Amino acid sequence: MPQVTASLTTTNGTPATGISGACLVKDGIVRLSGTFSATIQVMVDALGDGTWAPATDSTGAALSLTTPGAMRIGTGIACPTRVECTAYTSGTVAVAIRSN
């Protein structure tokens, strides 16, 4: 099972633009752990052309996490999936993306 891990942080009070590596996912899990204050958004490259867009749920809402935990994701087709830190205050966000 493919898996990607990353630690997203910031230094000197600069807002984080942390981006994890990508993992090919059709059905999988995104897991966050650590002590942090941040917003992490799940991103997909649906066409494989390097254009990343927010993954959405069935209502069209972007998939994002603000607390430690796991989120099951299903993209419908196997496509590169990563996470981006879109807002950051403090701490270290440990990220794992795993494809089933």
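In which strand is the place of G28? G28 sits in strand β2, which spans residues 23-33.

## Basis of the model

The model is predicted: local features need pLDDT of at least 70, side-chain atom pairs count only at pLDDT 80 or more, and totals for chains, interfaces and linings use all residues. Residues are numbered from 1 along each chain as its sequence is written, and side-chain values use heavy atoms, with hydrogens and water left out.

Helices (H or I, at least four residues) and strands (E, at least two) are DSSP runs numbered from the N terminus.

## Strand pairing

Strand β6 covers residues 69-91. Strands β2 and β6 pair in the antiparallel sense over nine bridges, where pairing requires that DSSP finds at least two bridges between two strands. Within this pair, V30 has M71 of β6 as its bridge partner.

Strand β3, residues 36-44, also pairs with β6 in the antiparallel sense, over nine bridges. Here S37 stands opposite S90 in β6.

G28 counts as buried because its relative accessibility is 0%; buried means under 20% relative accessible area, exposed over 50%, and partly exposed in between, with a 1.4 Å probe and protein chains only. Leaving aside neighbours within four places in sequence, G28 is in contact (heavy atoms within 4.5 Å) with M71, R72, I73, R98, S99 and N100. The C-alpha atoms of G28 and T75 are separated by 8.8 Å, although these residues are 47 residues apart along the chain.

T81 lies in strand β6 and, at 0% relative accessibility, counts as buried. A polar atom of the T81 side chain lies 3.1 Å from the backbone oxygen of C79. Not counting residues up to four places away in sequence, T81 touches G21, A22, C23, V25, V42, M43, V44, W52, I73, T75 and I97.

E84 is also found in strand β6. With 16% relative accessibility, E84 counts as buried. Its side chain makes a polar contact of 2.7 Å with the side chain of R82. A polar contact is a pair of N or O atoms within 3.5 Å; within protein, one must be able to donate a hydrogen and the other to accept it, and residues adjacent in sequence count only if both atoms are side-chain atoms. Residues touched by E84, with those up to four places away in sequence not counted, are G18, I19, T39, I40, Q41, M43 and W52.

## Cysteines

A disulfide is a pair of cysteine sulfur atoms within 2.5 Å, and by this rule the count is zero. The sulfur of C23 is 11 Å from the closest cysteine sulfur, in C79, which is too far for a bond. C79 is likewise in no disulfide. C23 is buried, with a relative accessible area of 4%, and C79 counts as buried at 3% relative accessibility.

## Nonpolar core

A nonpolar core is a set of buried Ala, Val, Leu, Ile, Met, Phe, Trp, Tyr and Cys residues joined through side-chain atoms within 4.5 Å. The largest one has 24 residues, and those with the most contacts inside it are L8, I40, V83 and V93. The elements that give two or more residues to this core are β1 (3-8), β2, β3, β6 and β7 (93-99). Its largest share, six residues, comes from β6. In soluble globular proteins, nonpolar side chains tend to be buried together.

With neighbours within four places in sequence left aside, L8 is in contact with G18, I19, S20, I40, V83, C85, G91, T92, V93 and V95.
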